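Work through the exercises below with the sequence and the model at hand. Each task is followed by a solution in steps.

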Amino acid sequence: MRSSTTRLGALALAAVLGLTACSFGSDDPAGDGGGVTTLRVANPTPVVSLNPFAANSADQPTLTVVQEVFETLVVRQDGKIAPKLAESWTNPDPLTWQFVLRSGVTFADGTPMTSADAKASLQALIDGKGPLAGLWATVDDIRTPDERTLTIHTKSQLGTVLSNLTLLWIAPAAKIGDSAFFDAPYGTGPFKVSSFTAGQSVNLVRNDKYRGDRPKLTGISYHYIPEVSGRVTALANNEIDVTWGLPPDQLTGLRDNKDLAVKSFPTYANYYIWFNSSRKPFTDARVRQAMWHAVDFAKISKSLFDQAGTPATGPLPEAVFGAAGQNPYAYDPARARQLLTEAGYPDGFSTTMMWSSGCCTNGNSFADAMISDWAKVGIVVKPQELERATWLDKLLKLDWDSTMTTGSTITGDADFTLARLYLSTAKRNGYANPELDRILLAARAELDQDKRATLYAQAGKIVWDEAVGIFPLDLNGNVVLRGTVEGFTPTPNDLPDFAGVSLR
């Protein structure tokens, strides 16, 4: 049992967050299921929606929570696609995918899960017109021949169906059109939502109708603590059990704390700096390449990103399907000056670089270091740190010179990043290359996965050699847990999953 002093600390933190004491507490530390065993989680970014079918369908805070509530037809395990709610699938022809759903699966309210629910969920994702809707642009028809069969017909071959389905959450067809349902949604997963305050907290309770192994936790309580110092203090005071996404300089001290465990692991995420290839001087690949050669990324990585990641070998992290190593860009200021001269900028030029506040690990320090190196070859870069909404608006309008951010290939499949962001029709970075388009569309259509991987390696080489962006770092994830937390296994999609966790 916690001391009264620690309990008061938890009460104070709960008061700041607008929570009740009971919603933040964790009792029955033995975790034998006889009492309340609630895992206390401090998430570093706010959960603003629990609707995974519309604007927040690719939002990591949303997905971190909904993965405990909803399930998908298939999952990615050890780099391979494995069954989940679908027990098998076939391709009767190149334009048809047919899935046989598991029998005896029920939602948390006891109603059976059928193919009608799967169809309604896919249609909701398409109709929601969110960031994942484009993955299904070639879908022509969705049919349900019987309660256990789902058939997806496409207008053209779509080799990404299985990887796309890892982000299709199955919700009850009768509820999916009711926006109020997502205030406290339930699915077929091990937990259901008991309360949700957008931007502040989410409380889950165990789904006792779950068909799988009964979770050892009776609940999971997520609370948004925006400041790193606040999360570190909450860990030290035993006010939370888990948090993640802490900067590298905080992890060293936490590793020395015998009451805590720090887990670091490779992810599907990377750091990148994009150039607006539709705006001079970045219309010239030599200028973009010069920007890369001018920065000493090895030195910067050692000082700012110790244990936060590894030097990137391509535009996709190595763990992503379709990633392939490319020839590295050496730190070579002389080569940078030569390229600038060849491009018609012997004296350099002035430009800007934008990023959103809090977007990236050590983002401001990273920007300062790059700007300092660019200045040495005559490139004057004005920094623009913007509120996220402003940054996103300018990004989508292509109203920028260059931008710094991080991204994740959350499906684990190259198509999610390369085709979604680098096709000419995406209009995300001003780069347009008919040959790249041809390769990416061929890869998306190819049903043979080995051939798809070869095509993505070719596409990655073009993006890398043309310096559409700078890709300095593949990011490691980190999760910090109290010693009482057992059974946590990291995943490369960097969506911490607590379904198998127990409290000792």
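**Exercise 1.** At what angle do helix α14 (residues 434-445) and helix α15 (residues 449-465) pack, and how far apart are their axes?

Solution. Residues are numbered from 1 along each chain as its sequence is written. This is a predicted model, in which local features need pLDDT of at least 70, side-chain atom pairs count only at pLDDT 80 or more, and totals for chains, interfaces and linings use all residues; side-chain values use heavy atoms, with hydrogens and water left out.

Step 1. Identify the elements: helices (H or I, at least four residues) and strands (E, at least two) are DSSP runs, numbered from the N terminus.

Step 2. Read the geometry. Helices α14 and α15 pack at an angle of about 155 degrees, and their axes are 9 Å apart. Axes are lines fitted to C-alpha atoms, for helices over the stretch in contact, and angles run from 0 to 180 degrees between N-to-C directions.

Step 3. Classify the angle. Under 35 degrees counts as roughly parallel, over 145 as roughly antiparallel, 65 to 115 as roughly perpendicular, and the rest as oblique. Helices α14 and α15 are therefore roughly antiparallel to each other.

Step 4. The crossing of α14 past α15 is left-handed, a term for a near helix turned anticlockwise from the far one by less than a right angle (right-handed if clockwise).

Step 5. List the contact (heavy atoms within 4.5 Å). From α14 come E435, L436, I439, L440, A442, A443 and R444, and from α15 come R452, L455, Y456, Q458, A459, I462 and V463.

Step 6. Sort these residues by class. Ala, Val, Leu, Ile, Met, Phe, Trp, Tyr, Cys and Pro count as nonpolar, Asp, Glu, Lys and Arg as charged, and the others, Gly among them, as polar. The contact of α14 with α15 has 10 nonpolar residues, one polar and three charged.

**Exercise 2.** Describe how helix α13 (residues 414-422) packs on α14.

Solution. Step 1. The angle between α13 and α14 is about 140 degrees, with 10 Å between the axes. That value makes α13 oblique to α14.

Step 1. The crossing of α13 and α14 is left-handed. Its contact is formed by D415, L418, A419, R420 and Y422 of α13 together with L436, D437, L440 and R444 of α14.

Step 2. By class, the contact of α13 with α14 holds five nonpolar residues, no polar ones and four charged.

**Exercise 3.** How many cavities of 30 Å³ or more does a search of the whole structure find?

Solution. Step 1. The search finds two. On a 1 Å grid over the protein atoms alone, a cavity is a set of points where a 1.4 Å probe fits but cannot get out, and a pocket is an open set with protein on both sides within 12 Å along at least five of seven lines; lining residues have an atom within 4 Å of a point.

Step 1. The largest cavity has about 40 Å³ of space, where grid points are joined across faces, edges and corners and a volume is the space filled by probe spheres set on the points. Residues lining the largest cavity include Y456, A457 and G460. Its lining has six nonpolar, four polar and no charged residues.

Step 2. The second largest cavity has about 30 Å³. Among the residues lining the second largest cavity are N43, V47 and H223. Strand β12 (219-224) gives the largest share of that lining, three residues.

**Exercise 4.** Which residues lie nearest the centre of the second largest pocket?

Solution. Step 1. Of the 36 lining residues, these are Q67, V75, Q77, T491 and D497. The second largest pocket holds about 1100 Å³ of space.

Step 1. Strand β3 supplies the largest share of the lining of the second largest pocket, three residues. By class, this lining has 15 nonpolar, 12 polar and nine charged residues.

Step 2. Follow the chain past β3. D78 is in the loop between β3 and β4 (80-83), and the phi of D78 is near 50 degrees, a positive value in a residue other than glycine.
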